[in-house]
Amino acid sequence: MRFFQVWPGLFTGAVFMILAAAAGAQPSAKFASVNGLRLHYLEWGTPGRPPLVLLHGIARVAHNFDHIAPHFADRYHVIAVDMRGHGDSSWSPSGAYLVEDYVADIEALIMQLKLQNIVLWGNSTGGRVAQMIAGRDPEWVTAVVSEDVGPERPAAISNRRAARMAREAEGWATQNELVAHVKTEYPLTPDALVRNFVEHASKARDDGRIIYKRDPKILDGFVPTDLWSTVSRLKAPILYLLGGASGIVPAETRRQLLQTLPRAEIVEMPGLGHYPSDEKPEEAMRIIDNFLDATVKTAR
C-alpha cells in the first residue's frame with residue numbers, strides 16, 4: 001500500500017496534443033439491453049484485448065472520456081458507458097438510481113459482452129460503482145482506478161448536489177451560456193473538454209432552453225452511502241487518484257483504505273479538483289500508465 005503526492009507541472013501544449021489526437025479517434029456507438037433498460041456505450045480499440053471499462057460521475061456522460069480513451073486504445077478494448085438516466089441511455093421508470101442500481105447494470109453489461117480480466121476506471125459516482133463491482137465480483141477484475149472518490153458519500157455531499165440540481169433545472173439560453181456556467185464550476189478544465197461535455201451532455205427542451213440529458217430523478221439515488229462492507233472485499237490492485245483541493249476523500253478515509261486494502265495506492269494531485277484527469281490529463285494518464293504497467297500485462 002502506498003501514498004504519493006504529485007505536483008502538477010505547467011499546463012503545456014502537450015494537453016492540446018491529447019485533445020487533437022482524441023478528435024481523430026472516434027468511438028463506435030453501441031446499445032445493449034440490460035435490466036429492462038437500453039444502455040448506450042462507446043467503444044475504442046480492439047475487442048479481444050483486455051477490457052478497460054470507463055464509468056462517469058453523476059450527471060456526466062460516456063463522452064467525458066473522449067480525451068482519455070484513445071490513449072489506451074492500442075492496449076485495451078475501451079468501453080465507456082452512459083449509465084442509466086444519463087446521456088443516451090434509458091431512464092429508470094421507477095426512478096432507481098442508487099449505486100447498487102448502476103452496479104447491477106454494469107454487471108449485466110459485462111456478462112452480456114463476455115468481458116474478462118477487466119480494468120475498471122470510474123470517476124465520482126462511477127468510481128463507487130467500480131469499487132463495488134470489484135468487491136462483489138473479484139474474479140472479473142484485474143485492476144481498479146477510482147478517481148477522487150472513496151467508499152462513502154456523506155450527507156454534506158448529497159445535500160450539495162440537491163441544491164445544485166435545483167439551480168440547474170431552469171436551463172440555459174444557449175449552449176455557449178452553459179459552457180460559461182460549467183467553466184465557473186471547473187475553471188481548471190480545458191475549454192475543449194468543457195465544450196465536448198456540453199455538446200454531448202445537453203439538449204434543447206421543448207421551450208428552447210438548454211438542459212442536461214439526464215433524468216431529474218437521479219437525485220433520488222444520490223443519498224448518503226456507505227459501501228465499506230463490499231469494498232473491503234476488493235482483491236485487485238486499486239489506485240485512488242485524488243484531487244488535492246477536492247476534499248471528497250478525507251485523511252481518515254485514506255488511512256482506512258490503506259489499512260483495509262493491501263493492494264491500494266493513493267496518489268494525490270495537489271491543487272486539482274474532483275476530476276483531475278480532466279484538469280491535468282497528460283499527468284493523470286502518466287500516473288495511471290505507471291499503475292497499470294505495474295499491475296496489468298498488456299501488449300505495448
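Predicted model: local features only at pLDDT ≥ 70, side-chain atom pairs only at ≥ 80, totals over all residues.
Residues are numbered from 1 along each chain as its sequence is written, and side-chain values use heavy atoms, with hydrogens and water left out.

Let me begin with strand 3, residues 37-45, where seven of the nine residues are buried; buried means under 20% relative accessible area, with a 1.4 Å probe and protein chains only. Strands here are DSSP runs of E with at least two residues, and helices are runs of H or I with at least four, both numbered from the N terminus. Strand 3 pairs with strand 2, residues 28-34, in the antiparallel sense over seven bridges, where pairing requires that DSSP finds at least two bridges between the strands. The two form a hairpin with two residues between them, and Asn35 in the turn has a positive phi of about 50°. Within this pairing, Ser33 stands opposite Arg38. Strand 3 also runs antiparallel to strand 5, residues 77-81, through five bridges, and there Tyr41 stands opposite Val81.

Val81 takes us to the largest nonpolar core, which has 49 residues and in which Val81, Ile106, Val129, Ile133, Val141, Tyr240 and Leu261 have the most contacts. By a nonpolar core I mean buried Ala, Val, Leu, Ile, Met, Phe, Trp, Tyr and Cys residues joined through side-chain atoms within 4.5 Å. Helix 3, residues 99-113, brings the largest share of this core, seven residues. Apart from this core lies another, of 29 residues, with Leu42, Val78, Ile287 and Phe291 among them.

In helix 9, residues 251-260, the buried residues are Thr253, Arg254, Leu257 and Leu258. Seen down the axis of helix 9, they fall within an arc of 135°, so they line one face of the helix; the arc is taken from the directions from the helix axis to the C-beta atoms.

Finally, the largest pocket is lined by 19 residues, of which Arg160, Arg164, Tyr186, Ile248 and His274 lie nearest its centre. A pocket is an open set of points on a 1 Å grid over the protein atoms alone, where a 1.4 Å probe fits, with protein on both sides within 12 Å along at least five of seven lines, and lining residues have an atom within 4 Å of a point. Helix 5 gives the most to this lining, with five residues.

Notes. Buried < 20%, exposed > 50% of the residue type's maximum accessible area, 1.4 Å probe, protein only.
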